[in-house]
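User: I am new to this structure and would like to learn how to read it, one feature at a time. Could we begin with how strands are joined in a sheet?

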Number of protein chains: 2
Amino acid sequence: MKIVLIYSGGMDSTTLLYQLRAEGHDVRCLSIDYGQRHRRELDGAREICQALGVEQRVADLTSVAPLLAGSALTSADVEVPEGHYEAENMKLTVVPNRNMLMLSVAIAWAVSTKCDAVAYAAHGGDHAIYPDCRPEFIQAMNVAAGLCDWHTVQILAPYQQMDKGDIARIGTDLGVPYGKTWSCYKGLDKHCGRCGACNERREAFALAGVPDPTEYADVSTD
Amino acid sequence: MKIVLIYSGGMDSTTLLYQLRAEGHDVRCLSIDYGQRHRRELDGAREICQALGVEQRVADLTSVAPLLAGSALTSADVEVPEGHYEAENMKLTVVPNRNMLMLSVAIAWAVSTKCDAVAYAAHGGDHAIYPDCRPEFIQAMNVAAGLCDWHTVQILAPYQQMDKGDIARIGTDLGVPYGKTWSCYKGLDKHCGRCGACNERREAFALAGVPDPTEYADVSTD
């Protein structure tokens, strides 16, 4: 299949990039700059695409950021919460309608280049906090993607029932260079080790029982 | 209701703006610059919002335009076709996935400001050419809009079963200043009078049996 992958440069979408290519698909990557605090994830995305010889486009949606008020990921005045994804305060990291935005750009590109599908790496561990990673949302978008044009595009989200430990296991088998991927929401020099994304990243490698190549600023556990 | 209206500055969305306000809703407008050749429609949109004292935001999606190859509305190397919407060549004016893109930005803003609904002026006359104006697409997006966040937003498209003549009739009764609205896809000084959008505009006023205040460069009929 000819596929547009929504590619952030994080663990999950990098694993999906490697998996789709291993399955023999023709993949091109779309990365989105939506004014995220951790925009440095896009540097890793570019490097990995270049190393693989994969086409990558970056869509600049920073002008939309002022409409996404209230998220710690796009608003300088909202602090990134520390702790675990199960905690209520992690909802501060929800970016309103982020996945529909990204999917709509990806589907537009897929339609205009006659691709068969758009893939994204929503996973089961995201459901409790991020409503736009739930299977029912993915299904609704799949219906819409099949109707938005005379050329039909489908949505692939093969990790929607897996957790991040499963993903780390798949990626390790595929030789994903996790040291080059970025998760931390704070977007500083090193992974902070304390935000929700860092906690989830550390846990993923532990669950998978594989080495974590990440250098964290703080590796204490609460 | 508190509503985000997708507002192009054309006849249909201007009529919807007047109608929603007449019905007592609290309306704010979102206009989108997606690199359209007829970007001057946005000038009229701004003027009308200012005159009504309605909040308006313009989202800049021009960086997405290179991904929307092949449409006469966003590609300088594809000529705007002349003639009637029923003709096959009018499909050149389809912008891939335009409505999902616009809806996704509008829904994001609606979620972050706790609005109840997003409205857009898709109408029955669009169905044959624009797949993303069909009721089944609107319904799929309504389901997705209800799932993308813990705060639920609904999609309103009250003109989906009407034609543009019906809209011109409604708007004339509401005192819509149609002379300030813009339709022409060519985006020159005056409405060209010959592109699909101009033909449809002229036909709408004729069908409604109301005066057409538009100054066209060419008013001949084929």
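User: Which residue is the bridge partner of B:Ala119 in strand 5 of chain B?

Analyst: As a general idea, strands of a sheet pair through backbone hydrogen bonds, either parallel or antiparallel. In this predicted model, B:Ala119 has B:Leu156 as its bridge partner in strand 5 of chain B. Strand 4 (residues 117-119) and strand 5 of chain B run parallel and are joined by three bridges.

User: What is the order of the strands in the open sheet of chain B, and which strands stand at the edges?

Analyst: The open sheet has five strands in the order 3-2-1-4-5, with parallel pairing. Strand 3 (56-60) and strand 5 (154-156) of chain B each have a single partner strand, so one side of each is left without a neighbour in the sheet, and these two stand at the edges. From one strand to the next, the twist averages 25°.

User: Which strands of chain B does helix 1 lie across?

Analyst: Helix 1 (residues 11-22) of chain B lies across strand 1 (2-6), strand 2 (26-33) and strand 4 of that chain, and its direction is at about 170° to strand 1 of chain B.

User: Is A:Cys115 buried or exposed?

Analyst: A residue is called buried if 20 or more other C-beta atoms lie within 10 Å of its own. A:Cys115 has 21 C-beta neighbours inside 10 Å, and therefore counts as buried. A:Cys115 is placed in the loop between helix 3 and strand 4 (117-119) of chain A, and, leaving aside neighbours within four places in sequence, is in contact with A:Lys2, A:Ile3, A:Val4, A:Ala110 and A:Val153.

User: Which residues touch the most other members of the largest nonpolar core?

Analyst: In soluble globular proteins, nonpolar side chains tend to be buried together. Here the largest nonpolar core has 128 residues, of which A:Val105, A:Val118, B:Val105 and B:Val118 touch the most other members. Not counting residues up to four places away in sequence, B:Val105 touches A:Val64, A:Leu67 and A:Leu101 of chain A, as well as B:Leu30, B:Ile32 and B:Ala59 of chain B.

How values were computed. Residues are numbered from 1 along each chain as its sequence is written. Chains are lettered from A and ligands numbered from 1 in the order in which they are written. This is a predicted model: local features need pLDDT of at least 70, side-chain atom pairs count only at pLDDT 80 or more; totals for chains, interfaces and linings use all residues. A nonpolar core is a set of buried Ala, Val, Leu, Ile, Met, Phe, Trp, Tyr and Cys residues joined through C-beta atoms within 7 Å. A residue is buried if 20 or more other C-beta atoms lie within 10 Å of its own, exposed if 12 or fewer, and partly exposed in between; C-beta atoms are placed from the backbone. Two residues are in contact if their C-beta atoms, placed from the backbone, lie within 7 Å. Two strands pair if DSSP finds at least two bridges between them. Helices (H or I, at least four residues) and strands (E, at least two) are DSSP runs, numbered from the N terminus. Axes are lines fitted to C-alpha atoms, for helices over the stretch in contact, and angles run from 0 to 180 degrees between N-to-C directions.
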